Structures are given as C-alpha cells and as structure tokens.
Amino acid sequence: MKIGDKVRFLNSVGGGIVRGFQGKDQVLVEDEDGFEIPAFIRECVVVGEDPMQVRSANRPRVTVPVEEPTPRKEEPEEVKVEETPEGERLNIYLAYLPVDPKAFQRTGYEAYFVNDSNYYLLFNYMSRSNNSWTSRYNGLVEPNTKIFMEEFDKAVLNDLERVCVQFIAFKKDKPYALKNAVSVELRLDTVKFYKLHCFMENDYFDEDALLCPVVRNDLPERELLVSATDLQEAMYQKVREDRHVPQSIVKKKRNDTAVLEVDLHIGQLLDNTNGLSNTDMLNYQLDKFREVMEQYASHKGQKIVFIHGKGNGVLRKAIEKELNTRYKQHYFQDASFREYGFGATMVTIR
C-alpha cells in the first residue's frame, strides 16, 4: 500500500485515496468529501476500478495508471493486461489469511481467489450445507490478479469443510487457447486454520497464507476422498496385473548366485498411489517385506537384499524394527555400499 492507492474499508462502508501514514499501523484515507480519515492498515484493502479487486503485492502483473488526486470522480481507465509465458496455463488457488496473526487464537480470516493466469475468469465460489450449495462470492476476476471475497470468523469454519469452485476462462479482444469449464469440489482441512505453521510464505501475499490449489498447470485438483474399498482396490491393482506379466519385484541378482533383490520403492509395488497417505504406502511396503520374509523363512542361508532407498529413513527404520522383533532369529546388515549406497539392507535367513 502506498500514497495515491485507492482503498476500501473492510469493516465499514466507504474508502478513498491514501494520503499518508501514521506509524506502522495506521493510514490516512481521503474520502469523497475531502476529509482525511485515520484507519488501521489491516482494515483497508487496495482496489482498482472494481471495488472488490485486489492486486498482488509480491508480483504485480497488472498495472493500473494512478490518477492525480482530485476531489471529483472520474471514469476509471481500462486495465492493461500484462501476459506472461507461464500464464498460458491456469493456476488457480483459494487463499486464506488470518486478519490478525498476533492474536491468532481469536482472529478471523480473509478469503481470496487467486488467478495466476493470462485469462479472465468468470467464477462462483460456494460452500455446502447438508445437501445444498450456497454461493459465497461470484464475479469476474482479471488475469494475474487476486480478489478479496469475504471475511469470516472461526464460527463459520464448519460451513467451509466442503467448498466448490466453478469457472470459465477466456480472453478479451484476442485469440486464445480454449480451456474447459472447471468445477472442482474440495474438502478443506479446517484443523489447519487453528495451526499458525500451516499459514506459509507464498508468491501472492506479503503475509503468510493457507493456499488451497483448485487448478495447477491446467489440471483441476481431485478431491482426495478414498473409501476403504477404493483403497484396497488401489493396493491390489499391481498384484492382479503381475499375474499376466513376468515378475520383476523379487528376482535373482545374477544367475550364478542365490542372492535375491526385493525393491520396496512404492513406485515398483504400485502403479497408482492416488489417494494413499504416507502411512498407507509405508504399511503396504512393510506388508511386502513380511510376505518375502515368510516366503523364504525355511530357506536357511538365503540372502535377501531389500532395497528401501535412503530418503528420510522411515522405511529403513521400520524394517530394522521388524528384524529386531518379529524376525530377530535372522541376521541382517547393510548391503554392499558399492552397489546400493546407504539404500539397502541384506538379510540372511537362519
């Protein structure tokens, strides 16, 4: 916010032009009658020709010519759209910011719609109550622009567990690539609104914000609601497919040795991990480990190399815990560093 910006008040009717600042927290706003009104900076929002339009402070891509201060109203000048190469792909977000981060446990929140693209978007933002939807904000947002939608308190969070965004994208007075109409339903994790660390540094606001992607690189987000049946289907899809193709997960290292390799990377075990949490994937990897150990339990002297990767060590520690408890009769050690680095453990069946 700078001198000459047009602002409106969030918590009261009115607004005007910024004429100066008082300390770090207050701004002097000249209204239509020429009176200078002191207001808190956090209770003002910069606007363009649309009284709800807000520009990105971190990377402004749309410029609005600043008019000379004048007591009389003038027609706003047309906004010049500055396109970017990456803006040809839609990147759309919902953003939520605490009104007063210093009083985080009591403060309310602001909701913004972020249009990181070269397209105009005609959109509708809704929330679900019982079996019906309620429109919370709708309108036109310009290219490479964020727009303020509403301010709400913690009592409203329960109404925001299920939200939906619908929009169509287009350009004015020029050819453009056709984009499909978008309708995305999201389940917001409202617990994050109570955790300050969930509000993070971002490209669109000077303040930390909770960003919820709607579309990334032209691909709409999918709601991560997975039933127990769908989860089981995803976990065993790879197993069923392996009945028709040569087995590649457990194989001999060389024809003249008895050493077996078992690759426990999740990408080798499952073709599709959509909807699986980190815990789901870890449990599936451990199930594969136990399956191999049981299969070769009676093969004394059998050497098995489990490839778990270095990563953050979660899978490695889980395997070592299994070997120290359930399979403590067997011997294990780090596999050859030359061949596997720190990413594999060799077990000798006893």
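What percentage of the 350 residues of the protein chain count as buried? The value is 43%, where buried means under 20% relative accessible area, exposed over 50% and partly exposed in between, with a 1.4 Å probe and protein chains only. This is a predicted model, in which local features need pLDDT of at least 70 and side-chain atom pairs count only at pLDDT 80 or more, while totals for chains, interfaces and linings use all residues. Residues are numbered from 1 along each chain as its sequence is written, and side-chain values use heavy atoms, with hydrogens and water left out.

**The whole chain**

Begin with a cartoon view of the protein chain, which has 5 helices and 22 strands. These elements are DSSP runs numbered from the N terminus: helices are H or I over at least four residues, and strands are E over at least two. Of the contacts between residues at least 6 apart in sequence, 61% join residues at least 24 apart; contact means heavy atoms within 4.5 Å.

**The largest nonpolar core**

Next, select Leu94, Tyr96, Phe113, Tyr125 and Phe167. In the largest nonpolar core, which has 34 residues, these five touch the most other members. Such a core is a set of buried Ala, Val, Leu, Ile, Met, Phe, Trp, Tyr and Cys residues joined through side-chain atoms within 4.5 Å. Two or more residues each come from β9 (91–98), β10 (109–116), β11 (120–129), β12 (132–141), β13 (145–152), β14 (162–170), β15 (182–187) and β16 (210–216). Apart from this core lies another, of 17 residues, which include Tyr296, Ile304, Leu323 and Tyr327.

Now centre the view on Tyr96. Leaving out residues up to four places away in sequence, the residues that Tyr96 touches include Glu110, Tyr125, Phe152, Phe193, Phe199 and Cys212.

Select Gly139, which lies in strand β12. Its relative accessibility is 17%, so Gly139 counts as buried. Beyond its neighbours within four places in sequence, Gly139 is in contact with Leu121, Leu122 and Phe123.

Move on to Asn144, in the loop between β12 and β13. Asn144 is not a glycine, yet has a positive phi of about 50°. Because its relative accessibility is 6%, Asn144 counts as buried.

**Two further loops**

Select Asp218 in the loop between β16 and β17 (219–220). Its phi is also positive, near 75°, in a residue other than glycine. With a relative accessibility of 30%, Asp218 counts as partly exposed.

Then find Lys195 in the loop between β15 and β16. Lys195 counts as partly exposed at 39% relative accessibility. Display Gln105 as well: the C-alpha atoms of Lys195 and Gln105 are separated by 9.0 Å, although the residues are 90 apart along the chain.

**The α3–α4 pair**

Finish with helix α3 (residues 278–295) and helix α4 (residues 314–325), whose axes come within 11 Å and cross at roughly 40°. Axes are lines fitted to C-alpha atoms, for helices over the stretch in contact, and angles run from 0 to 180 degrees between N-to-C directions. The two helices are therefore oblique to each other, a class left after roughly parallel (under 35 degrees), roughly antiparallel (over 145) and roughly perpendicular (65 to 115).

To view the contact, show Leu282, Gln285, Leu286, Phe289, Arg290 and Met293 in α3, which meet Val314, Leu315, Ala318, Ile319, Glu322 and Leu323 in α4.
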